[in-house]
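This report describes the fold and surface of one protein chain.

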Amino acid sequence: MSSWTRWHGPAMARLWGFCWLVVGFWRAALACPTSCKCSASRIWCSDPSPGIVAFPRLEPNSADPENITEILGRSQTYMGDAGCHILNSPLMFLVSFSNFTRNKLTSLSRKHFRHLDLSELILVGNPFTCSCDIMWIKTLQETKSSPETQDLYCLNESSKNIPLANLQIPNCGLPSANLAAPNLTVEEGKSITLSCSVAGDPVPNLYWDVGNLVSKHMNETSHTQGSLRITNISSDDSGKQISCVAENLVGEDQDSVNLTVHFAPTITFLESPTSDHHWCIPFTVKGNPKPALQWFYNGAILNESKYICTKIHVTNHTEYHGCLQLDNPTHMNNGDYKLVAKNEYGKDEKQISAHFMGWPGIDDGANPNYPDVIYEDYGTAANDIGDTTNRSNEIPSTDVADKSGREHLSVYAVVVIASVVGFCLLVMLFLLKLARHSKFGMKAFVVATACTVRLSSSEI
């Protein structure tokens, strides 16, 4: 058992890692051209024979293909058409630096570099022949913002060096593309057709760049005219860009439009509340135009306030991520929350049950239907979620409470007055009885009269 554990633990992981490393170096060595040296990040070609006939074709499962960032050449006289294998690969978009200084290149096709975002292409010291094939290099130099300009020359028919910046070739210019697009605001499920025309000399090729378009589409091209038919348009394609591209030896041009798709709302996500700085009922809604959102609490419209309100945190074109935010909710806020999303194309709704706090004195786990029992007897506090419940269930307002307080105060006053009157009557009876046997009867009468007057004034 210990032997099995030892070979299926860290030791086995290291063994497999070493094997993959050996295989990676072996594959890279097999793929590297005979006149070049290859590493994980660089292809260096310095042997003039047989020249760069073909760069390695990098497959998606090759060893570290995405790390190739530099292609360097020395003493090269030829770059065959097969050289575009590596440069046309989508995996090679990270190649940003190419140095072919002081080689013996007389021509260099643009198609070797057409898919690369080159920050620097060094070609000084090559005996280029003046032709339309190298006009793209002149265009590239003019469009780059680098302050350093290379002194590039080409040999004309008289073997005279002509600065590339001054090169003029008849019938050799950039193409143009013109996309005749109708209104690209379309309802989900409908179809649309785009038309494009291209022009230029040399005559350009026309192709469509639809990116990751989900909807079914097909194109037709005839010389300098082309059309693109998109059917059963998906809402997932709203906001995507569609381009018509014209390309020739000198360069390319494109005309683009953005597709807008209108569709009914869909609530794709709604979950029970979570607690962070505030309580939040999270949701995600898709729809275009932007849906109107309305919350319902226990079947009644929830009027939002500063204590409970809808917050949209992230907007992604036609998708909205947010939450219903509640500030310090109590057991009075437990219940069913329903979200309704609506626009002119339709609506969607979803509901969840929220439990924020147990009823005082009742075990939360004692009755799973406990919130429903509470809502039959108690209303919702107005300062928590606004006027959202049936008014027959509302808690009495502060006006009702004040009235009840005044009634209790009146009863208390009557009891006190009755007690005082009873006490005074007893005193009067005692004094009257005493006055019959005293010579001070008059004073007793006066005291009794004063007490009577005092009682009368207190009754008033």
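## Surface and strand pairing

Leu429 is exposed, with a relative accessible area of 58%, a value above the 50% that marks the exposed class. The model is a predicted one. Leu429 lies in helix α7, which spans residues 398-435. Together with Leu426 and Leu432, Leu429 makes a nonpolar surface patch of about 320 Å².

Of the 460 residues, 35% count as buried. The secondary structure comes to eight helices and 25 strands. Among contacts with a separation of 6 or more, 62% are between residues 24 or more positions apart.

**Strand β23 and its partners**

Strand β23 covers residues 319-326, and six of its eight residues are buried, so the strand is largely enclosed by the rest of the structure. Strand β19 (residues 279-288) runs antiparallel to β23 and is joined to it by eight bridges. Within that pairing, Cys280 has Gln325 as its bridge partner. Strand β22 (residues 308-316) is likewise antiparallel to β23, with eight bridges between them. Here Ile312 stands opposite Gly322. The hairpin of β22 and β23 has two residues between the strands, and His317 takes a positive phi near 60° in it.

**A second hairpin**

Strands β13 (residues 216-222) and β14 (residues 225-231) pair in the antiparallel sense over seven bridges. Glu220 stands opposite Ser227 of β14. This hairpin also has two residues between its strands, and His223 adopts a positive phi near 60°.

Strand β7 (residues 153-155) is antiparallel to β8 and joined to it by three bridges. In this pair, Cys154 stands opposite Ile162.

The other open sheet is formed by four strands in the order β21-β20-β24-β25, and its pairing is antiparallel. Strands β21 (300-301) and β25 (346-354) stand at the edges with a single partner strand each, so one side of each has no neighbour in the sheet. Two bridges join the antiparallel strands β20 (residues 292-297) and β21. Phe296 stands opposite Ile301 of β21.

| Strand pair | Bridges joining the pair |
|---|---|
| β19 (residues 279-288) and β23 | Eight bridges |
| β22 (residues 308-316) and β23 | Eight bridges |
| β13 (residues 216-222) and β14 (residues 225-231) | Seven bridges |
| β7 (residues 153-155) and β8 | Three bridges |
| β20 (residues 292-297) and β21 | Two bridges |

**Helix α4**

Helix α4 covers residues 135-143, and its residues Met135, Trp136, Ile137, Lys138, Thr139 and Leu140 are buried. The cover over the buried residues of α4 includes strands β5 (120-122) and β6.

Technical notes:
Residues numbered from 1 in each chain as written. Predicted model: local features only at pLDDT ≥ 70, side-chain atom pairs only at ≥ 80, totals over all residues. Heavy atoms only, no water. Buried < 20%, exposed > 50% of the residue type's maximum accessible area, 1.4 Å probe, protein only. Pairing = 2+ DSSP bridges. Contact = heavy atoms within 4.5 Å. Patch = residues over 30% accessible without salt bridge, like charges linked within 9 Å, V, L, I, M, F, W, Y side chains within 5 Å. Areas by Shrake-Rupley, 256 points an atom, 1.4 Å probe, with all protein chains shown as cover. Salt bridge = Lys/Arg side-chain N within 4 Å of Asp/Glu carboxyl O.
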